[in-house]
Amino acid sequence: MSQVFHDIEKKIILSLRENPKQSPETLEKSTQLSPDQVRRGIEWLKLKDLANVHESKSIIVSLGKNGIESFQKGLPERRLLDLLKGGPRKLSDLQKDLGSVFGTSIGLARKNNWIETSSENILIKNLPLEIPGEKTLNQIGERKLPKDEIDNDDLFSLLKRPDFIVEDIVKTKEITLTDSARSIVISDSSGEIDVEAKVPDVFVARTHPLKDTIDEIREIFVTLGFSEIIGNMTQSSFWNFDALFTPQDHPARELQDTFYLDGISAKKIATPEQIRKVADSHNKNWRYHWDINEARKMVLRTHTTCITIKHLAENTPDESRVFSLGRVFRNEKVSYKHLVEFNQIEGVVVGKDANLRNLMGIQREFYKRIGITKIKFWPTFFPYTEPSLQTMVYNERLEKWIELFGMGIFRPEVTKPLGITTPVLAWGGGIERIAMLKYGLDDVREFYNNNLNWLRSATKCQ
Amino acid sequence: MPVVELSYTRLQKLVGKVTKKQISDSLPFLGLDIESEDKDLVRVEYSPNRPDYSTDFGIALGLQGLLDIKTGAVKLKIKKSDRYQIFVKSGVSKIRPCVTGIVARNGVIDTKILEQIIQMQEDIHMGIGRKRTKSSIGIHDLDKISFPLTYTTTSRNTKFTPLKFDKEITISEILEQSDVGRNYGYILGNFSKVPIITDSGNNIISLPPIINAAITTVTTKTKNLFVEVTGINKNDAENTLSVVATILESAGFDLESVKISGAKNSPPKLAQKKISVSASLINQILGLNLSTSKICSSLKKSRLDAISKGNRIICTIPAYRFDIFGPMDLVEEAALGYGIQNLEPILTPSQTIGQINPVSLQLKSLNQIMIGLGYLEALNSSLTSKYVLYDMTNRNTAKIISVLDSKSQEHTILRDSILPGLLENLSRNIHESYPQKLFETGTVFTIDDPISEKINFSSISAHKDANFTEIKSILQSALKTGFKITIETKTSSHPTFEAGHCASVISNGKSIGVIGKINSKIVENYKIRMPVVGFEISLSESIL
């Protein structure tokens, strides 16, 4: 096996073949590479499984202040013995010559029975062959040493003395070659590069992943013959609720579910005829007093249905397929499954042959195109459609059925007052939920966090 | 949506010969969403427009139909009786004018049934009762009451022992001290008097819509019930009563009528109504071609009565199905009885040609251009906070559009600018690698009889060499390449931008936005350690 290597890698491999265990520091010396080059080279070889890095901790022993002094002048007791070699000395003379180490030296020599006192004088009793610690002191004095390379009994006598020995914990790295690196053939040819090497990522500028899903959905409905209509996010309660037969005391209209704009009401909400007919429908069917001031209150639309119903009321087409796509708002506590603001798609089909099975067929086709084939329909309730259904889709990852789009046929109580005489199929639902399935997200907030790490890494085509 | 907890074994007893699986498969086709299951227990969510589904008795009626065990309308068998009477005094007219009621005898109340009844009462209060304002229910032990009753008013100083209390307290105290008093006391308004129901011994048995008296408390020893419903109109009160009566009858009680008179009140009718629908409407809406007899049997499976007369289907609808307004509701009932799972979806070719909205097309083009320039698209909420939108960027707060009672502190006002959100995005990504280049297009809001919505485009670039020239090049090139629009920049000032590094963006002699280097204090506010340049322009006034 032959492989192209960087010069740095070559030098490190060759050096390790000669001297199989080395620290990065010794490699710097043996290869003449800079510390950074050695570091990078080791990293590359490690990634290619050609080098092992064994990290270990060891205790390095060196001399402290008093140790250094003793290394230079001799241990206190050695200095005492040297003074006495010339014959007995007076205590006061010794004190003058030995200075600060006088007490220590006399104490140690007495304890070891090396000296004795005769009248005023100190004289040698037994001259020792070697003084404990002296060998180690000289070893460490030359250079710092790992603790395990030293005679520990001898070291022990020094450790007891204040400021003699300093112990440091040092991390060391030992680099060795793997088996394959020992046998690998290093190509000599220059100018070649390692085309198999790993390279860094660059960040791709891209549309927001949620926008990709929105665009995909938009395109699917356009190809199914639907035209896109747009409208305002701020709407009068009239179009958001009243025109959709939602009674004015309906819980969905309460402050705790819907965002009302503080102190803002619309002067013109609809044509006098539309207002009168909607009022009549409410008064007659819900048996209460419909209040126009309630209908004037501006809200953040709770669904895009207000855009489609307004469009139908203005155009009263006999045949039409339109959809609206955009932000809607609910006064909810933000959590991993709820946002106060999210995107919704809402579509309608007007036509004489618009029927429930067609509505279900459009849904099935849509889901098929976004890759969902396991679906079923269940009945449900919406105030403005009858009959009403919801789609359940099976999610393989979560292993459960998830509720997606709602649908139904606009109630005559909705369409008649607005002058719409043919059946209107309507369907719609949240887009984030589909995008969550697509991107495998469990927290819907991720779409609006603008977390660059996620935006830069989410796969565009799922 | 309200949730009701059911037991499969209880449902099996109530429905008849069915397996647990048949029940769990059928629940969704009654419009009941299974929330969770735990061995014998299943929790289902039901729509508040079907209060009969607040108990297993009501759900069992639906299942019997769907599973073809018992079909057709449930008929209330109410024995006429003169023993029970309520007299209504005119004092209640202004406060809570209507009362209605029924007697249910010879039942067995075990803890399960008691739970179901209490659950039904609570759900109805919240749903069709509109938190007890429209109608509220009181259920009493019949044997503790001596008839006739009087629905009248009394002063707030009147004392009686309310449910779950052990001594007499005044009505004012009830309204202050009990949970229900505090939650619903407002319904009684500021009237000095409050409505009460008293028995012939002048004992208070109920303070509608707040609480019953302790003396008539229903327990598992109770055999006979008296139900009263009060409300602001007769229709709603009787609708509510019809649900309770139907459920109690299903629970095995014998119903007896209550006479009601005075102050425009009269006995409840609880009558069935007849609505007819043409078979062709049903077939047209469902996309089917069913015979009239198949339609009739489907409607019966939805627990309605139906007979055909030529092409017309005449339906008899029990009183508790007041969610049925007209023929279109019967179409749905027929579909449910037929079985939604039996409707095969079809795809008919579209007669219309689809088109993307021109605004979306323009925005998509702009998107492509910004991506070509190396900018990443961000998305922020339109609903943001004063902190992000104004405080952090030093902007004037004169014309804030706020929403009422937001549950989220971070979402209280509508944005009039996109740039502050992008700056906030940078501040949340200071640990990510630079350069960071973002853009966003989106709606901004300003007050204008009542509100004007326009689409803005903003972009920012943050890295160690970010400068005015760079960002002006980006805007200039994006608009020129994308839309053949040329721009000029005129020295200007803006609180968000650094003095001397800020300009108005001029197109066709009109200012369409602002561009420059973000004020270093603001950058510091956001803890961003790189220079930031950016712009925001109105697309509604340039390319849209």
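## About the model

This is a predicted model, in which local features need pLDDT of at least 70 and side-chain atom pairs count only at pLDDT 80 or more, while totals for chains, interfaces and linings use all residues. Residues are numbered from 1 along each chain as its sequence is written, with chains lettered from A and ligands numbered from 1 in the order in which they are written.

Helices (H or I, at least four residues) and strands (E, at least two) are DSSP runs, numbered from the N terminus.

## Backbone features in the loops of chain B

Most residues other than glycine have a negative phi, and most peptide bonds are trans. Here are some spots that depart from that pattern.

One runs from B:Pro208 to B:Pro209, with omega near -5°; B:Pro209 sits in the loop between strand E12 (204–207) and strand E13 (211–212). Another runs from B:Asp449 to B:Pro450, with omega near -10°, and B:Pro450 belongs to the loop between strand E23 (436–447) and strand E24 (451–462).

Next come two positive phi values. B:Asp68, which is not a glycine, has phi near 65° and lies in the loop between helix H3 (56–66) and strand E4 (78–79). B:Asn106 has a positive phi of about 60°, and its loop joins strand E6 (98–105) to helix H4 (111–126).

Are these two residues buried or exposed? A residue is buried if 20 or more other C-beta atoms lie within 10 Å of its own, exposed if 12 or fewer, and partly exposed in between, with C-beta atoms placed from the backbone. B:Asp68 is exposed because it has 11 other C-beta atoms within 10 Å, and B:Asn106 is exposed with 9.

B:Ile285 is part of helix H8 (residues 279–286). It is buried because 25 C-beta neighbours fall inside 10 Å. Two residues are in contact if their C-beta atoms, placed from the backbone, lie within 7 Å. Leaving aside neighbours within four places in sequence, B:Ile285 is in contact with A:Asn355, A:Leu356, A:Ile409, A:Pro423 and B:Val331.

Looking at the whole interface, 68 residues of chain B are in contact with 75 residues of chain A. On the chain B side, H8, helix H10 (327–338), helix H11 (358–372), strand E20 (376–377), E23 and E24 each supply at least two residues. H10 of chain B gives the most, with six residues.
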